[in-house]
Amino acid sequence: MDRVPDRIYFKDLEGRFLRNNRAHLARFGLTDPAQALGKTDFDFFPKEHAGRAYEDELRVINGGQPLSFEESICWPDGRVEWASIIKMPLHDSDGRICGTFGISHDITTRKQVEQELKLMTNRLLLATRAASIGIWDYDPVNNSLVWDEQMFQIFGVDPKRFSGNFESWQIAVHPDDVARETQKVRQTLEGGAEYDSDFRIVWPDGSIRYIKANAIVQRDESGRPVHMIGTNWDITQPKRMEEELARSNADLAQFASIASHDLQEPLRAVAGCVELLAKGYRDRLDENAAELMQHALEGTRRMQNLIHDLLAYSRVDSGGRPLVPTDANATLDEALANLTIMLSERDVLVTRGALPTVVADPRQLSQLFQNLIANGVKFCAERRPEIHVSAEFKNGCWEFAVHDNGIGIEPQYLERIFVIFQRLHTRREYPGTGIGLAICKRIVERHRGRIWVESEPDKGSTFFSLSLNPPITRHELAVPHQTD
Ligand code: ADP
């Protein structure tokens with residue numbers, strides 16, 4: 001008995017100790033059994049605890065039945081632990097109850113694990129509820145499928161009508177997707193790729209919804225799948241928006257081709273005729289007619305610019321090239337080469353930090369730099385324009401920044417300027433079509449990124465663009481150099 005780590009004791013009908021094992025004595029800070037003999041819990045524990053223990057023992061004595069429970073104990077030696085306790089009646093040789101004996105087993109570690117598990121489960125529950133994520137658990141051995149409450153809501157299924165097997169899930173999946181998804185689940189169970197998929201479901205009312213699904217497989221020691229645990233959430237709204245966007249992009253692409261053929265051609269003809277008229281009849285026109293001619297010329301040029309920019313805007317998606325590892329230094333060089341005249345006319349100082357290689361469409365990245373730098377120079381008032389291009393690696397993404405020392409932007413306009421045709425100045429103050437930043441936004445979004453500006457009037461602006469495409473490793477970072 002003394003070798004057992006559990007605490008064991010025997011007491012008489014008055015709760016006096018008859019015998020304690022070594023482990024029990026140790027909790028009282030004792031080594032000699034004689035020191036506990038004849039004493040009661042009241043000699044070691046606070047009154048409240050000892051009183052409760054004695055009441056338990058009286059119940060065992062009077063009822064003749066064992067008692068088992070778990071409780072947190074603060075032992076006289078100062079140790080606090082969770083214990084699983086069993087108290088039983090003690091019988092004399094005539095079979096009469098003459099006291100109690102008890103065993104106290106330390107379950108602190110188990111309790112801690114239980115509490116942590118409970119905390120984690122609650123956290124998970126909160127998170128999944130907040131995100132409207134459904135959780136399912138499939139046992140392939142017994143073909144048993146368990147859904148949580150959210151799963152029933154996502155699938156619009158009444159829990160009472162759910163048979164709880166693989167087939168009940170298959171019934172809910174869209175007929176055109178079910179074979180493919182079943183195959184994917186099978187492959188995952190057989191040890192193939194992780195299950196990460198999206199598919200359509202059909203609600204009992206016939207409506208179709210889109211589901212995003214992820215799952216992991218748990219296996220036994222022999223590698224046999226015993227559980228497949230997964231999540232589902234409804235992505236109908238973003239999917240519909242995606243479809244809507246694809247439709248409007250297609251409309252836009254169609255508009256682009258109409259604009260290029262049907263608008264550009266006659267405009268070119270008008271521009272040509274007006275130019276010929278202006279040249280041929282220069283001497284024969286009076287002042288008024290010459291001015292009108294000038295307006296007509298400017299108008300056609302503006303219209304040409306507008307069509308050119310609109311075409312560029314509408315072709316960001318349809319005319320984009322594949323995203324490939326792209327040296328941002330080279331694309332910046334190209335942008336600067338395209339702006340040579342503007343840069344030298346305004347004596348612009350361009351500097352750059354270390355720029356990385358990123359996964360991008362090289363032409364579009366160059367266009368992005370070109371638009372932002374051209375704006376930085378254009379919206380610079382009288383001072384000498386200074387542009388600084390840099391990149392910073394943050395949270396797994398490259399964040400590019402194009403900084404200028406220009407006129408800056410009032411805080412209320414910081415978002416509006418990315419909307420097509422939105423300009424903060426008249427054409428007389430600063431020429432432009434109001435499409436440049438909308439192009440930048442589409443380019444960045446095609447790269448699954450984000451664009452924004454930080455600025456203060458008169459203090460310059462910094463345009464940031466974040467690339468969410470997989471970054472190229474740091475050692476591939478190109479060597480920085482300065483350009484004046
Ligand atoms: P555009 O340059 O043709 O007017 P953009 O779409 O490029 O069109 O820019 C929209 C508006 O945003 C500009 O008209 C200007 O008011 C403001 N803007 C853009 N870039 C800057 C900048 N670097 N500094 C100050 N204002 C800017």
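Tutor: Two strands count as paired if DSSP finds at least two bridges between them. Helices (H or I, at least four residues) and strands (E, at least two) are DSSP runs, numbered from the N terminus. The model is predicted, so local features need pLDDT of at least 70 and side-chain atom pairs count only at pLDDT 80 or more, while totals for chains, interfaces and linings use all residues. Residues are numbered from 1 along each chain as its sequence is written, and side-chain values use heavy atoms, with hydrogens and water left out.

Student: How many helices and strands are there in the protein?

Tutor: The protein has 12 helices and 17 strands.

Student: What radius of gyration does it have, next to that of a compact globule?

Tutor: The protein has 39 Å, whereas a compact globule of 484 residues would be near 23 Å. The radius is taken over C-alpha atoms, and the globule rule is 2.2 Å times the number of residues to the power 0.38. Along the principal axes, the C-alpha trace spans about 140 × 55 × 40 Å.

Student: What share of the residues is buried?

Tutor: Of the 484 residues, 40% count as buried. Buried means under 20% relative accessible area, exposed over 50%, and partly exposed in between, with a 1.4 Å probe and protein chains only.

Student: Now β8. Which of its side chains point to the buried face?

Tutor: Tyr-195, Ser-197, Phe-199 and Ile-201 of strand β8 (residues 195–202) do, and they are buried.

Student: How many bridges join β8 to β9?

Tutor: There are 8 bridges between β8 and β9 (residues 208–219), and the two strands run antiparallel. Val-202 stands opposite Ile-208 in β9. The two strands form a hairpin with 5 residues between them, and Gly-206 in the turn has a positive phi of about 95°.

Student: Which residues other than glycine have a positive phi?

Tutor: Asp-347 is one of them, with phi of about 50°. Asp-347 lies in the loop between α10 (340–345) and β12 (349–352), and is partly exposed at a relative accessible area of 45%. Arg-448 is another, with phi near 55°. Arg-448 sits in the loop between α12 (436–446) and β16 (450–455), and is exposed, with a relative accessible area of 51%.

Student: Finally, what is the strand order in the open sheet of 5 strands?

Tutor: The order is β2-β1-β5-β4-β3, with antiparallel pairing. The edge strands, β2 (17–20) and β3 (67–74), each pair on one side only. Neighbouring strands of this sheet are turned by 25° against each other on average, direction ignored.

Student: How many bridges are there between β1 and β5?

Tutor: Strand β1 (residues 7–12) and strand β5 (residues 97–106) pair over 6 bridges in the antiparallel sense. Ile-8 stands opposite Ile-103 in β5.

Conventions: Axes are lines fitted to C-alpha atoms, for helices over the stretch in contact, and angles run from 0 to 180 degrees between N-to-C directions.
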